[in-house]
Amino acid sequence: MVAYRIDVNAGDLFDGKYSIVRQIGSGNYGNVFKVRDNLGRDYALKLLRLWEVAGELHRPLVMKFEQEYKTGQLACDYLIHSLDFGTVQGNPYLLMEFCSQGDLSRAVGKDQARLPGYAHDILEGLRALHSEGKIHRDMKPENVLIRNNGKAALTDFGVVGEMDKNRRLSEKGWWSKRPKQVQGTPLYMSPEMFDRKGGGVTYLPTVDIWSFGVMMYEMLTSGSFPFGDIENFEDFPKYQERARRGQWDADRLRMSPYGCDWLQIIEHCLAPNYRERYQSALDVLVDLAPMLGGRLSCAVSDRLSRSCAISRIVVTQGEIIGAEFRLDSLLQSHGRMLRAGRGSTNDIVLSERVSNYVSRCHFTLERSKDGGYWVIRDGQWQSDKRRWVPSTNGTYLNATPVSVDGQKVFTGDIITAGEYKLKVE
């Protein structure tokens, strides 16, 4: 795969279809432009600068970019929709809705009475992502756009940013310009995201819940952060340590006009132990209901219909994203058990080339004797050791740790194994 440098300027016709109006954003690997089609309709176009990336990273990065496009096609009013996908001189691009109202950072410290409505929209967007086995991982005001109707919608679904999350803190120039605006991502990261020993924990929905809490605090306190303001790079380790200890500034929040209304919600979002946080966006919405007039939308109140008659699991995040494993086909001549892990001897191979957070023998799926349901167990039986051996980083079903005793699996469940997420269907 070869990618050539592209110089994009205002007035250029991009891919023969879109006239470049101006550049409106830039990230680690991509630029975002406001563009216009031949009917005068405005869109946002994100171009992946693949020419800047080492060749061995091209394929996985393009796959993740394609998944970002597909994520934007989910039927949810609270996600920015993807509309087109293409490639120019080896560099992929995607076309998205254009939101002339800008992003949520413009509303920091302003019109706080509207914040519950924005919070509702953000949580609905997260709920849609999480139900598909996707974690945003880069929640911040700049990634929440405001539509012309005043509703908020999530964008930049964390797919591209995943490639360099471990490098961000050590790159030269990390602390340039305003940290909140340019390199704000680490300030919204949960404690377990800095502790790479917790590979499985890193990608649970609770990392987005933490970021949501930080965002709401920032909005209510006119741009302050819960674990202290940061003036330079040397301040960040102390901020990080206060986050690990749960030492956040509740008094500053109370001084905000609406801060006391939000106190318990934000406190629950910012629990250092992920198991003590809200476990889902729906849980936060339930507590937010009084600020929304005591009503929850139909989308929130309608829980997913679950069935134990499952047929396959699909990789929704991980190095082989999009891969599917049909359980009945794999089960032939295997008795009632299927093994999953990064080792080639597994029935479900979760390969890893850039990390080692999946164990060689990570989890086991076992079908009941009558064939009516499946159970997932952490780890595998290892005959050479004559015992059941658990995984290194743990297995999670939705946000709950799975033990060797196992849990029954239903359609719609999300399995987390290291950096992999798999949806049960």
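**Close-up views of a predicted model**

In this predicted model, the mean pLDDT of the protein chain is 87, and 88% of its residues reach 70 or more.

**View 1. Over residues 159-184, pLDDT stays under 50.** For this stretch the model has 52 contacts beyond four places in sequence. Where pLDDT is low, the predicted coordinates should not be read in detail.

**View 2. Five strands form an open sheet with mixed pairing.** The order of the strands is E12-E11-E13-E14-E19. The edges are taken by strand E12 (348-349) and strand E19 (407-409). Each of these two has a single partner strand, so one side of each is left without a neighbour in the sheet. Strands of a sheet pair through backbone hydrogen bonds, either parallel or antiparallel.

**View 3. Strands E11 and E13 pair in the antiparallel sense.** Four bridges join strand E11 (residues 337-341) to strand E13 (residues 363-367). Within this view, arginine 339 stands opposite threonine 364 in E13.

**View 4. Lysine 34 lies in strand E3 (residues 30-36).** The relative accessible area of lysine 34 is 13%; because this value falls under the 20% cut-off, the residue is classed as buried. Not counting residues up to four places away in sequence, lysine 34 touches Ser19, Ile20, Val21, Arg22 and Ile24, together with Asp42, Tyr43 and Phe98.

Definitions and conventions: Residues numbered from 1 in each chain as written. Predicted model: local features only at pLDDT ≥ 70, side-chain atom pairs only at ≥ 80, totals over all residues. Heavy atoms only, no water. Pairing = 2+ DSSP bridges. pLDDT = per-residue confidence, 0-100. Contact = heavy atoms within 4.5 Å. Buried < 20%, exposed > 50% of the residue type's maximum accessible area, 1.4 Å probe, protein only.
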